[in-house]
Amino acid sequence: MVFGEPVISYRGGIDGFEATAVESDQKLDVTSDSVASYSQHLETRHDALLGSLFKDEMYTEVYNYKHLINGFAVHMSPEQVTFRTLYHQPNTKFAGLGLG
């Protein structure tokens, strides 16, 4: 997971991005302009982090999580998988690697 609030709990604080958080009894409107804008912001941050991790190496982004959690899933070669790769990156929380 990446540091920073996902869409469902983002209460504002980043210039240019309105709050998108909803109360527990409300439904998130994923089609709203504020959700679309903040979602794009999170995807851009994910892409930048992945670019810094892999530079010129190949990887496949499987999914970009942004609504309920802030993170991503990637397929990478066994040679690319090291504990250091994600665990020691700034602005990340280590959630584990599924190998197999």
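Y65 lies in strand 1, which covers residues 60-65. In this predicted model, Y65 is partly exposed, because its relative accessible area of 33% falls between the cut-offs of 20% for buried and 50% for exposed. Y65 also belongs to a nonpolar surface patch, together with V62, Y63, L68 and I69. The patch has an area of about 490 Å².

Now let's turn to another aromatic residue, F54. Its place is in helix 1, made of residues 33-54. Is F54 buried or exposed? F54 is buried, because its relative accessible area is 2% and buried means under 20%.

Here are the two residues side by side:

| Residue | Element | Relative accessible area |
|---|---|---|
| Y65 | strand 1 (residues 60-65) | 33% |
| F54 | helix 1 (residues 33-54) | 2% |

Which residues does F54 touch, leaving out those up to four places away in sequence? They are Y59, M76 and Q80. Take M76 as an example: F54 and M76 are 22 residues apart along the chain, and their C-alpha atoms are separated by 9.6 Å.

Finally, let's step back to the whole protein. It has two helices and two strands, and from the N terminus on these elements run α-β-β-α. Of the 100 residues in the protein, 29% are buried, and F54 is one of the buried residues. The accessible surface comes to about 6,800 Å², and carbon and sulfur atoms account for 53% of that surface. As for contacts between residues at least 6 apart in sequence, 48% join residues at least 24 apart.

Key
Residues numbered from 1 in each chain as written. Predicted model: local features only at pLDDT ≥ 70, side-chain atom pairs only at ≥ 80, totals over all residues. Heavy atoms only, no water. Helix = DSSP H or I, 4+ residues; strand = E, 2+ residues; numbered from the N terminus. Buried < 20%, exposed > 50% of the residue type's maximum accessible area, 1.4 Å probe, protein only. Contact = heavy atoms within 4.5 Å. Patch = residues over 30% accessible without salt bridge, like charges linked within 9 Å, V, L, I, M, F, W, Y side chains within 5 Å. Areas by Shrake-Rupley, 256 points an atom, 1.4 Å probe, with all protein chains shown as cover. Salt bridge = Lys/Arg side-chain N within 4 Å of Asp/Glu carboxyl O.
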